[in-house]
Amino acid sequence: MRGTELHLPRGATANARYAVDIGPATAGWTHSSLRVVELAPGGSHAFATGDSEWIVLPLEGGCTVQTEQDEFQLLGRESVFADVTDFAYAPRDARVQIASGAGGRFALAGAKCERRLPARYGPAPEVPVEERGSGTCARRVRNFAAADAFACDRLIAVEVITPGGNWSSYPPHKHDEHRPGEESELEEIYYFEIDGPNGLGYQRVSPSREGGADVLAEVRSGDAVLVPDGWHGPSVAQPGHDMYYLNVMAGPGDSREWLIRFHPDHTTGGYR
């Protein structure tokens with residue numbers, strides 16, 4: 001699959017409701033979705049969850065998230081580079097309204113699912129934060145909706161902060177086959193923001209099969225890269241500009257798990 005189909009520059013999927021709107025129809029797959037809604041001060045946004053579960057994740061600012069039975073006050077954060085944030089989970093077959101007195105930007109990470117779990121609040125202090133890798137491959141992973149951190153039916157989502165000049169998503173790894181106990185099949189979206197004006201990064205996805213995903217993209221704030229299959233990584237941050245990405249994953253497996261295989265041509269020593 002050509003990289004031009006998988007690299008979605010800022011605005012490529014924008015519409016009247018969302019600054020980013022990626023779903024199964026856009027991506028050509030079955031489960032994973034990502035939307036970004038921008039609210040002016042005093043603004044609100046309502047949507048139906050349909051056959052998907054969703055997490056409302058503040059990127060900038062705070063908001064109120066309301067479903068038919070529940071209401072959650074999200075304190076949010078100043079920016080994705082500031083700290084972890086609280087978040088809200090909305091189940092399938094629900095109506096949701098997001099309202100923000102001061103305005104802000106909010107990611108909606110979604111996955112087509114079967115079970116209807118209860119709406120819940122995710123407190124920021126309970127988000128597991130992992131320092132992964134070392135040296136120029138050191139990065140910080142915020143596992144707010146990792147498979148072992150927060151209960152969802154299908155959705156897996158994490159945030160990664162890569163310091164300027166560092167590599168992350170390294171060694172290259174993949175999760176495009178069902179291999180019990182070794183690898184899970186997951187579609188993945190990378191959504192990027194770069195700290196500072198004119199900052200950029202690079203994202204590589206290389207084929208794991210004939211005709212598979214093949215991307216080398218220069219990414220900037222608001223860009224997304226789709227990973228339907230393939231070895232993904234490295235993600236490279238420009239020196240002097242920290243790089244943020246939000247990973248949204250889901251797949252058809254019977255169990256919700258993140259099992260990966262590393263590229264056999266790259267060592268894992270000291271980097272993972």
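User: Is Asp176 buried or exposed, and what is its relative accessible area?

Analyst: Asp176 is buried, with a relative accessible area of 8%; buried means under 20% relative accessible area, exposed over 50%, and partly exposed in between, with a 1.4 Å probe and protein chains only. Before we go on, please keep in mind that this is a predicted model, where local features need pLDDT of at least 70 and side-chain atom pairs count only at pLDDT 80 or more, while totals for chains, interfaces and linings use all residues. Residues are numbered from 1 along each chain as its sequence is written, and side-chain values use heavy atoms, leaving out hydrogens and water.

Now to the partner of Asp176. Lys174 forms a salt bridge with Asp176, and their closest N and O atoms are 2.6 Å apart. A salt bridge here is a side-chain nitrogen of Lys or Arg within 4 Å of a carboxyl oxygen of Asp or Glu. Side chains of opposite charge can pair when their charged atoms come close. Lys174 counts as buried too, at 3% relative accessibility.

Let us compare this with another pair. Arg204 and Asp214 meet through their side chains in a salt bridge of 2.7 Å, N to O. Arg204 lies in strand E17 (residues 201–206) and Asp214 in the loop between E17 and strand E18 (215–219), so this pair ties together parts that are ten residues apart in sequence. Strands (E, at least two residues) and helices (H or I, at least four) are DSSP runs, numbered from the N terminus. Arg204 is partly exposed at 27% relative accessible area, and Asp214 is partly exposed at 37%.

Back to your residue: Asp176 belongs to a network in which salt bridges that share partners join Lys174, Asp176, Glu177, Arg179, Glu183, Arg209 and Arg261.

One further pair is worth a look. The structure holds 20 salt bridges, and one of them joins the side chains of Glu159 and Arg77 at 2.5 Å, N to O. This pair links distant parts of the chain, with Glu159 in strand E13 (residues 156–162) and Arg77 in strand E6 (residues 71–77), 82 residues apart. Both Glu159 and Arg77 are buried.

Finally, here is the setting for these pairs. Buried residues make up 54% of the 272 residues in the protein, which has two helices and 22 strands.
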